[in-house]
Amino acid sequence: MSQDGHHPAAMSPVEQRVAALEALLTERGLVPEGFIEEVTRRYELEIGPMNGAKVVARAWADPQYKQRLLAEGTAAIAELGFGGPEGDHMVVVENTAAVHNVIVCTLCSCYPWPVLGLPPAWYKDPPYRARMVREPRTLLAEMGCHLPEDAEIRVWDSSAEVRYLVLPQRPPETEGMTEPELAGLVTRDSMIGVARL
Amino acid sequence: MLVDGIHDLGGMQGFGAVVHSPTEPAFHDRWEAAARALLAVVAGAVGASGGEFRHSIERMEPGHYLTSSYYEHWLTAAATLAVEHGLVTRSELEARAGGRFPLSGPVLTPTVADAGPDVGEPRFGVGDRVRVREWHPPGHTRCPRYVRGKAGTVVRVDGTHSVPDIEAHGTARRCEPTYSVRFDAAELWRDGQRGASVHVDLWDSYLERS
């Protein structure tokens, strides 16, 4: 990050526009002191895919939790202390050998912040949003997720208030692993549904 | 007239490969976090609903939308709402920025004065066949273009939620049930892929019985 914010020549046009709006809103007393730093800290440290990984690991380790997670996603995720904006109405969809689930938001970039953090750039950019609903098998393969010919693909377009989390299949030969060890296996992409573990 | 905005990308062709990265930071630079925070500041100060916020991005000039990043969308939304609600003026923004400050285009639909009564009871149940209304509203909607006129099956009934098409255009509110509707790929696309389906979450008034 640049600390050199007072030399306009060093700033890109978009940085200059952000600085302009920030200065005008600050002069009007609308930006609480430290607010931008607080937003940065919250999204960099507190929320992210490490939260979703804990949910997945718990579901793998505890069949009763998994049942609750698939039936009442929001409440089951709250048991682990996760919730809040863009996580108030959670639905968890389970990947199996025969069924593969993947999430997208074609209209904007809806994403389950409390469990996955902020969406990656590619999730928000036009190619992913345009293509996942039309050619999911092709796009998944391009992204390295090769599915059996006969696997069913269910795409979930987050167009209303529900946010989705994919419960990936537990990898083989992980019996005996602890929950934190299991959580270490879970990737962001596997919980979006663009990768299998 | 801006109808069927550029943001409604589902099914569009020609965008090429997804530039995928397995991990990335929450913010690539301070200005991204600042844009995010400033949008929260403006939305709070002017009482913008989620629908009004989304629509302020959807009204971006299409070329600008497609060639700018997510947080430039947020910046444009924050500045547009700030100007429209009288917090700042465009000339102040441009003077401070030392150059052009593109804002989103105007709202093209009148303010909704009467939202009509809430709909409490779902009209449809799991397994019902429904068809999405074929219409092209000039304002905000959460009904993607690629499902309009298409038939699908209700797979889940969710709670009642404020209709975005109404809340984006004034202070009136109407709540309706939402449904997750499953569409077979073959119903949506001439080249629909075998074994694929797309689930779209839709408000009650977007649907009719099929």
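**A tour of the interface between chains A and B**

Begin by selecting chains A and B together: 62 residues of chain B are in contact with 63 residues of chain A, contact meaning that the C-beta atoms of two residues, placed from the backbone, lie within 7 Å. This is a predicted model, in which local features need pLDDT of at least 70, side-chain atom pairs count only at pLDDT 80 or more, and totals for chains, interfaces and linings use all residues. Residues are numbered from 1 along each chain as its sequence is written, while chains are lettered from A and ligands numbered from 1 in the order in which they are written.

Next, select α1 (30-46) of chain B. With 10 residues, α1(B) gives the most to the side of chain B that touches chain A. Helices (H or I, at least four residues) and strands (E, at least two) are DSSP runs, numbered from the N terminus.

Now move to β4 (196-203) of chain B, which supplies at least two residues of that side. Strand β3 (residues 152-157) of chain A pairs with β4(B) in the parallel sense over five bridges; pairing requires that DSSP finds at least two bridges between two strands. Within β4(B), H199(B) is the bridge partner of W156(A).

Finally, select α5 (90-97) of chain B. Which residues of α5(B) are buried? They are L93(B), R96(B) and A97(B), buried meaning that 20 or more other C-beta atoms, placed from the backbone, lie within 10 Å of a residue's own. These residues cover an arc of only 95° around the axis, so they lie on the same side of α5(B); the arc is that of the directions from the helix axis to the C-beta atoms. Their cover includes α1 (13-27) of chain A together with α4 of chain B.

Key
Buried ≥ 20, exposed ≤ 12 C-beta atoms within 10 Å, placed from the backbone.
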